[in-house]
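Thanks for coming. Please have the sequence and the model open while I talk.

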Amino acid sequence: MSYKMIVTDLDDTLLNDKKEISNVDLEAIKKAEELGVKFILCSGRPTFAMRGLAEEIEAKKYGSYILSFNGSIITECKTGKNIFEASLEKEDLHLMYDLSKKYNTHILTYINDEIISETESEYIDVEVDLTKMNHKIVKSFKEYVDRGAVKCMLLAEPTYLKEVEKKIKEEYSDKYTIAISKPFFLEITKLGIDKGVGVRKLAEILNIPIEEVIAVGDSFNDIPMLDAAGTSVAVENANEEIKNRVDYITKSNNDGGIAHVIDKFIFNK
């Protein structure tokens, strides 16, 4: 098989525990790009929080793309323009706020490249640290959020959040895409939008057969992407459920897992 596109999650997959792209991975990525392989960053992160990493892999030079907000936005790096975007409505965000109150979780969303919430928590701090975005604490979430946004998240202790996920899915899985990324992040996006949809849409735009796409991930919100790709790969540090459903398990995010994928599937080492 001649692969033409590699799509990877960021946190705990491409990025090591220092939240960096290792030198060994970066070197392998650029070698693959030089061959014409599209290397695509695909994350639940906001677009704002992915631009620096896109610059690091020289995505603009190689005509690459960013899939942000779990596939809700596809950005062309060469022009900086969004070629696809799907958002929640204001009413959807207000409903999720009501559910956050009902289930006693934190909630955040993203407006004007800022993280918006009423509350502070250690879990929100993780998102602030990951994205490097400004955190705006508002008196009233509903009053401030007066427009649509691409995504929102409910945040809580992981075991409890799994219970919340189950309850919300029972009632709203026919209205929203709902998935856990990090164990304390429950992400809500527009129905029918997920990483898999984003990957298939981009492959179609680039006229790349989905069989010639490799996807690499570690967590539950990666499942649609892994299921969509011709070849699915989990990093060694991935959730066990994810590892049990993929075609191949590579090295961990701290041990050059992406470089190993590129060596094996692109250069056949």
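First, the ground rules. This is a predicted model, in which local features need pLDDT of at least 70 and side-chain atom pairs count only at pLDDT 80 or more, while totals for chains, interfaces and linings use all residues. Residues are numbered from 1 along each chain as its sequence is written, and side-chain values use heavy atoms, with hydrogens and water left out.

When I say H or E, I mean DSSP runs numbered from the N terminus: helices are H or I with at least four residues, and strands are E with at least two. Two strands pair if DSSP finds at least two bridges between them.

Start with the sheet of 8 strands. This sheet is open, its order is E5-E4-E3-E2-E1-E12-E13-E14, and its pairing is mixed. Which strands stand at its edges? They are E5 (81-85) and E14 (248-250); each has a single partner strand, so one side of each is left without a neighbour in the sheet. From one strand to the next, the twist averages 25°. Angles here run from 0 to 180 degrees between N-to-C directions, with axes fitted as lines to C-alpha atoms, for helices over the stretch in contact.

Now the strands inside that sheet. E1 (residues 5-8) pairs with E2 in the parallel sense over 4 bridges, and Thr-8 sits opposite Leu-41 in E2. On another side, E1 runs parallel to E12 (residues 213-217), joined by 4 bridges; there Val-7 has Ala-215 as its bridge partner.

Why is E2 (residues 38-42) described as largely enclosed by the rest of the structure? Because 4 of its 5 residues are buried, where buried means under 20% relative accessible area, exposed over 50%, and partly exposed in between, with a 1.4 Å probe and protein chains only.

E2 also runs parallel to E3 (residues 65-68), with 2 bridges between them. The bridge partner of Leu-41 in E3 is Ile-66, and that of Cys-42 is Leu-67. In E3, Tyr-65 and Leu-67 point one way, Ile-66 and Ser-68 point the other way, and all are buried.

E3 then runs antiparallel to E4 (residues 73-76) over 4 bridges, with Leu-67 opposite Ile-74. The hairpin of these two strands has 4 residues between them, and Phe-69 takes a positive phi near 50° there.

Right-handed means that, with the strands pointing away from the viewer, the path from the first strand over the helix to the second runs clockwise. The crossover from E2 through H2 (residues 51-56) to E3 is a β-α-β crossover too, and it is right-handed.

H10 lies across E1, E2, E12, E13 (231-235) and E14, running at about 130° to E14.

That brings me to the cores. A nonpolar core is a set of buried Ala, Val, Leu, Ile, Met, Phe, Trp, Tyr and Cys residues joined through side-chain atoms within 4.5 Å. The largest one has 55 residues, and those with the most contacts inside it are Met-5, Leu-14, Phe-39, Leu-41 and Ile-262. Its largest share, 5 residues, comes from H10 (residues 257-265). Apart from this core lies another, of 25 residues, including Val-164, Ile-180, Leu-186 and Ile-188.

Next, the sheet of 6 strands. This one is open with mixed pairing, in the order E8-E7-E6-E9-E11-E10. E8 (134-137) and E10 are at its edges with a single partner strand each, so one side of each has no neighbour in the sheet. E6 and E7 (residues 114-117) pair in the antiparallel sense over 3 bridges, and Ile-111 stands opposite Glu-114 in E7.

H3 packs on this sheet, touching E6, E9, E10 and E11, and its direction makes about 160° with that of E6; contact means heavy atoms within 4.5 Å. H6 packs on it as well, touching E9, E10 and E11, at about 165° to the direction of E10.

Last, H3 itself. Its buried residues are Asp-92, Leu-93, His-94, Met-96, Tyr-97, Leu-99 and Ser-100. Just after H3, Asn-104 takes a positive phi of about 60°.

That is the tour; questions are welcome.
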